[in-house]
Amino acid sequence: MGSTSTPGRLTVISGPSGVGKGTLVASLLQRHPGLWLSVSATTRAPRPGDIDGVTYRFLDRERFEAQVQAGGFLEWAEFAGYLYGTPRGPVEDHLAQGRSVLLEIELEGARQVRRSFPDGFQVFIKPPSFEELERRIRGRGTEREEAIQRRLGRAHQELEAEAEFDAVLVNGDLDQAISNLEELLNLG
Ligand code: ADP
Ligand code: 5GP
């Protein structure tokens, strides 16, 4: 974990579903208002607490695919049966303004961004153990059993990819993880 990012860069936060990416990113945004988080598009249904245009832009598959065809995504991927993508325009606009941009995305998307933004900084968040990951996904209570199983299956694959990332952070104690993440991103 020797390297850190510089301000104004594109930072990718990735890691298996349920590891705590959303929790960590929400805390970073609250503590560092200069950061900007990209709002992804998805074909999955909103969960309680989701707000269209704020947590995600909810699209049907047809509209999502039309946006793919139009080159409107910086990256996109299928995850656990649904499509997820990062709208290109807002990211490019914020980077052009010198803003620090965060993407919270899964592994395939992170790989695409690594190709298009080789200077970006990519952090992989991992759980203290697979058992704890399962406890967190179940504890969140937002998915049915079938979706939980798909996410846990995918998690095995994602956990094997940690060596591809610029930094790996274990989200054990939350406060410690937030402070380690701030250090990695040079947020002071
Ligand atoms: P992700 O965005 O990676 O899918 P979430 O941020 O939704 O994960 O977190 C999944 C669950 O784990 C949530 O219920 C969250 O409150 C909990 N959680 C997150 N970080 C920690 C932590 N460090 N210790 C214990 N529970 C955590
Ligand atoms: P969830 O359905 O739990 O909100 O998200 C499922 C997974 O999709 C998470 O790993 C999340 O990081 C990822 N994800 C969210 N938005 C995007 C996106 O725009 N692109 C990609 N590739 N993955 C995304």
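**Entry 1: the shell around ligand 1**

I sorted the residues of the shell around ligand 1 by type and got 3 nonpolar, 7 polar and 3 charged. For this I counted Ala, Val, Leu, Ile, Met, Phe, Trp, Tyr, Cys and Pro as nonpolar, Asp, Glu, Lys and Arg as charged, and the others, Gly among them, as polar.

A note on the ground rules: this is a predicted model, where local features need pLDDT of at least 70, side-chain atom pairs count only at pLDDT 80 or more, and totals for chains, interfaces and linings use all residues. Residues are numbered from 1 along each chain as its sequence is written, chains are lettered from A and ligands numbered from 1 in the order in which they are written, and side-chain values use heavy atoms, with hydrogens and water left out.

Which residues are the closest to ligand 1? I found Gly18, Gly22, Thr23, Arg140 and Asn171, out of 13 that surround ligand 1 (a residue counts if one of its heavy atoms lies within 4 Å).

**Entry 2: polar contacts of ligand 1**

Next I looked up polar contacts (pairs of N or O atoms within 3.5 Å). A polar backbone atom of Gly18 is 2.8 Å from an oxygen atom of ligand 1. On the nitrogen side, I noted a polar side-chain atom of Asn171 at 2.8 Å from a nitrogen atom of the ligand, and a backbone N or O atom of Gly172 at 2.8 Å from a nitrogen atom of ligand 1. On its own, ligand 1 has 560 Å² of accessible area, and the protein covers 73% of that (Shrake-Rupley method, 1.4 Å probe).

I then checked the elements (DSSP runs numbered from the N terminus: helices H or I of at least four residues, strands E of at least two). Those giving two or more residues to the shell around ligand 1 are α1 (21-31) and α5 (130-140). The largest share, 3 residues, comes from α1.

**Entry 3: over to ligand 2**

Here I counted 16 surrounding residues, with Ser40, Arg44, Arg47, Tyr56 and Tyr84 the closest. Taken alone, ligand 2 exposes 510 Å², of which the protein buries 96%.

Which elements give two or more residues to the shell around ligand 2? I found β5 (73-79) and β6 (82-87). By type, the shell around ligand 2 divides into 5 nonpolar, 4 polar and 7 charged residues.

Conventions
Polar contact = N/O pair within 3.5 Å; in protein donor to acceptor, adjacent residues only side chain to side chain.
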